[in-house]
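Morning, everyone. I have one chain to go through today, and I will keep it short. Please look at the screen.

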Amino acid sequence: LLARPVAPPGVVFEIVDRDPGALDVALPWVKQAAHRLKARFPGLPMALVTHGQEMFALQTGRRDTNPAIHHIAESLTRDDGIPVHVCDTYAGRRGLAAEDFPAYVDVAPEGPAQIRNYEALDYIRLVVPRAAVLKLR
């Protein structure tokens, strides 16, 4: 992606993992990748969709136990202009609602549909590689 001569219309990062602690490594990876992409393509629109077990670390009630994750997610939204989406359908299966997530996390109706919406705008989907998550642990 960085070797392209011109920027794509946008990039959507996808995180989906069975490991509830995956955001510990995945969010710093996204933050670093986003900075590299913005350095190469200033103004490149980006978004993040997390829709596996890891997304539950972003619940408001878990902010005290996951302060670093919350700090990065809030920073992505506030400082980098990268919306962070979680899946309402999956949250609902756990008895959670949009109110169970902080304001800087967008609760999308469905994670995969949110990704398809970005792809319909010609965003390139970048799946956060499982190997990178495991390697950084």
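Let me start with burial: of the chain's 137 residues, 45% count as buried. Keep in mind that this is a predicted model.

Now the overall layout. There are five helices and five strands, and along the sequence they follow the pattern β-α-β-α-β-α-β-α-β-α. The radius of gyration is 14 Å, close to the 14 Å that the globule rule gives for 137 residues, so the chain is as compact as a globular protein of that length. Along the principal axes, the C-alpha atoms fill a box of roughly 45 × 30 × 25 Å.

On to contacts. Taking those with a separation of 6 or more, 74% are between residues 24 or more positions apart.

What sits inside? The largest nonpolar core has 33 residues, and Phe13, Leu27, Leu48 and Leu58 have the most contacts inside it. Elements giving two or more residues to this core are β1 (11–15), α1 (23–40), β2 (46–50), α2 (67–78), β3 (84–87) and β4 (105–108). The largest share, seven residues, comes from α1.

Take Leu27 as an example. Leaving out residues up to four places away in sequence, Leu27 touches Ile15, Leu48, Ile69, Ile72, Ala73 and Leu76. There is also a second, separate core of six residues, with Val12, Ala47, Val49 and Tyr123 among them.

As for charge, the chain has 16 positive and 16 negative charges, and their mean positions are 7 Å apart.

That is what I have.

Notes:
Residues numbered from 1 in each chain as written. Predicted model: local features only at pLDDT ≥ 70, side-chain atom pairs only at ≥ 80, totals over all residues. Heavy atoms only, no water. Helix = DSSP H or I, 4+ residues; strand = E, 2+ residues; numbered from the N terminus. Rg over C-alpha atoms; globule rule 2.2 N^0.38 Å. Buried < 20%, exposed > 50% of the residue type's maximum accessible area, 1.4 Å probe, protein only. Contact = heavy atoms within 4.5 Å. Lys, Arg positive; Asp, Glu negative; His and termini not counted. Charge placed at Lys NZ, Arg CZ, Asp CG, Glu CD. Core = buried A, V, L, I, M, F, W, Y, C linked by side-chain atoms within 4.5 Å.
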